[in-house]
Amino acid sequence: MNTVRTVSDTKKDFYLAFPKPVNQVYRRVVDELLVEVHLLKVNQTFVYDSIFALGFVTTFDRFTVGYKPETDRFSIFHALCSALQFDSDLVRQDATTLSDLATRSPNEVKNLLTKLESSVYLEPLAGQIHTIASKENFKYSRLLGVGLYALLEISDPETISDNTKREEVLKLVSENLKLGSDRLLKDIDLYRSNLDKIEQARQMIADMVEAERKKRVPKEAATSTASNDTSADQ
């Protein structure tokens, strides 16, 4: 009997956990995360770690900025994790642990990523980085790449904001971790491009809502005036 879960199984579990319609702007984000992570998890070489958790959380949080109501945003994250058979609290905590580490020790984290220099107080990150660099046939994923990028964003925002420097440091990380020549760079370029696109979509919708509001104001004022005139005549 085949017990491997299908993409349909995962999607069904998500919509059972979150039965409300997902906002149209964000629906593709949710569907892509469901499919992408499902396919990773059914691959026997996939190993969950906190770098992956940081990439998963960062991707979800960045691409769902502005979701209304905010409570639904939290419910969607929980439903995603449930459908993908993750503990949502653990995933959040693992991501927060690495974010805090990069905030407290930015130079050390950057040196670990670019030079593989580490110390005991960089755990659990140091152990995970050395596993990636040394393990043959390590299962790289786009979300792990986003996790690495998020660490660089926190530890060295000046470099990340400069196109040339960002490309150089991402190539260096790729070489040190043996991720393939350009794979990390391509994934991060696509990630940044998609962030720009969804921000444009959010802005377009905000502009449409504002334009509609401005149209309603004169109509509502005219209706109010007419109502007042009618009351005065009586």
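In which hand, left-handed or right-handed, does α1 pass α2? The legends below describe close-up views of a predicted model, and the opening view takes up this crossing.

**View A. The crossing of helices α1 and α2.** In this predicted model, α1 passes α2 in a right-handed crossing. Helix α1 spans residues 7-17 and helix α2 spans residues 24-41, and their axes come within 10 Å of each other while crossing at roughly 135 degrees. Because angles over 145 degrees count as roughly antiparallel and those from 65 to 115 degrees as roughly perpendicular, α1 and α2 are described as oblique to each other.

**View B. Residues in the contact of α1 with α2.** On the side of α1, the contact is made by V7, T10, K11, F14 and Y15, and these meet V30, D31, L34, V35, H38 and L39 of α2. Sorted by class, the residues of this contact comprise seven that are nonpolar, two that are polar and two that are charged.

**View C. The largest pocket and its lining.** The largest pocket has a volume of about 430 Å³, and its lining is formed by 18 residues, among which R28, V29, E32, F63 and N194 lie nearest the centre of the pocket. Two or more lining residues are given by each of the elements α2, α3 (50-63) and α11 (183-233), and the largest share, nine residues, comes from α11. By class, the lining of the largest pocket divides into 10 nonpolar, three polar and five charged residues.

**View D. The cis peptide bond between K68 and P69.** K68 and P69 are joined by a cis peptide bond, for which omega is about -5 degrees. P69 is found in the loop between α3 and α4 (70-83). As background to this view and the two that follow, most peptide bonds are trans, and most residues other than glycine have a negative phi.

**View E. The cis peptide bond between E123 and P124.** A cis peptide bond also joins E123 to P124, with omega at about 5 degrees. P124 lies in the loop between α6 (106-115) and α7 (125-134).

**View F. The backbone at Q85.** Q85, a residue other than glycine, has a positive phi, with a value near 60 degrees. The place of Q85 in the chain is the loop between α4 and α5 (88-104).

Definitions and conventions. Residues are numbered from 1 along each chain as its sequence is written. This is a predicted model: local features need pLDDT of at least 70, side-chain atom pairs count only at pLDDT 80 or more; totals for chains, interfaces and linings use all residues. Side-chain values use heavy atoms; hydrogens and water are left out. Axes are lines fitted to C-alpha atoms, for helices over the stretch in contact, and angles run from 0 to 180 degrees between N-to-C directions. Helices (H or I, at least four residues) and strands (E, at least two) are DSSP runs, numbered from the N terminus. Angles under 35 degrees count as roughly parallel, over 145 as roughly antiparallel, 65 to 115 as roughly perpendicular and the rest as oblique. A crossing is left-handed if the near helix is turned anticlockwise from the far one by less than a right angle, and right-handed if clockwise. Contact means heavy atoms within 4.5 Å. Ala, Val, Leu, Ile, Met, Phe, Trp, Tyr, Cys and Pro count as nonpolar, Asp, Glu, Lys and Arg as charged, and the others, Gly among them, as polar. On a 1 Å grid over the protein atoms alone, a cavity is a set of points where a 1.4 Å probe fits but cannot get out, and a pocket is an open set with protein on both sides within 12 Å along at least five of seven lines; lining residues have an atom within 4 Å of a point. Grid points are joined across faces, edges and corners, and a volume is the space filled by probe spheres set on the points.
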